[in-house]
Amino acid sequence: MRRKYTDGKVKVEVYPNSTLYKDKEELEALQLGAVQMLAPSNSKFGPIGIRNSKVFDLPYILSDLKTLRKVTDGPLGARLLKLLDSKGIPALPTGTTASRR
């Protein structure tokens, strides 16, 4: 991110492909505040007790993007966000789910 968009108040450092932390360590780092944001696969949340999120890693389980948005922006998506919050991992909600947080 270019500093001009944040008036120099935000500095973004990107560490791709687990170069900063390995899989298990990155979630712990997020929970401890050592990193502020991650973009992990949903299956990474299974080991911390959020096994329901693995359903989104199944190919073709949802027929199209519209159906995916209906699920993630609906009650199931809201429930998964609450599970993440309970583990100390605030998630970035999308669509209508954002208005319910």
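In this predicted model, the side chains of Arg 69 and Asp 73 meet in a salt bridge, with a distance of 3.7 Å from N to O. The two partners differ in their accessibility. Arg 69 counts as partly exposed, because its relative accessibility is 36%, and this value lies between the limits of 20% and 50%. Asp 73, in contrast, has a relative accessibility of 11% and therefore counts as buried, since buried means under 20%. Why can such a pair form at all? Side chains of opposite charge can pair when their charged atoms come close.

The structure holds three salt bridges, and the bridge between Arg 69 and Asp 73 is one of them. Another joins Lys 44 and Glu 26, whose side chains meet at 3.9 Å, N to O. Lys 44 lies in the loop between α1 and α2 (65–72), whereas Glu 26 lies in helix α1, so this pair ties together parts that are 18 residues apart in sequence. Is Glu 26 buried or exposed? Glu 26 is buried, as its relative accessible area is 11%.

Which residues does Glu 26 touch, leaving aside its neighbours within four places in sequence? Glu 26 is in contact with Tyr 21, Val 35, Leu 38, Pro 40 and Lys 44. Pro 40 illustrates how sequence and space are separate matters: Glu 26 and Pro 40 are 14 residues apart in sequence, and their C-alpha atoms are 8.8 Å apart in space.

A further salt bridge is formed by the side chains of Lys 11 and Glu 13, at 3.3 Å from N to O. Lys 11 counts as exposed, because its relative accessibility is 58% and the limit for this class is over 50%. Glu 13, at 46% relative accessibility, counts as partly exposed.

The last stop is a group of nonpolar residues. Val 10, Val 12 and Val 14 form a nonpolar patch on the surface, and together these residues have about 250 Å² of accessible area. With a relative accessible area of 41%, Val 12 is partly exposed.

Notes. Residues numbered from 1 in each chain as written. Predicted model: local features only at pLDDT ≥ 70, side-chain atom pairs only at ≥ 80, totals over all residues. Heavy atoms only, no water. Patch = residues over 30% accessible without salt bridge, like charges linked within 9 Å, V, L, I, M, F, W, Y side chains within 5 Å. Areas by Shrake-Rupley, 256 points an atom, 1.4 Å probe, with all protein chains shown as cover. Salt bridge = Lys/Arg side-chain N within 4 Å of Asp/Glu carboxyl O. Buried < 20%, exposed > 50% of the residue type's maximum accessible area, 1.4 Å probe, protein only. Contact = heavy atoms within 4.5 Å. Helix = DSSP H or I, 4+ residues; strand = E, 2+ residues; numbered from the N terminus.
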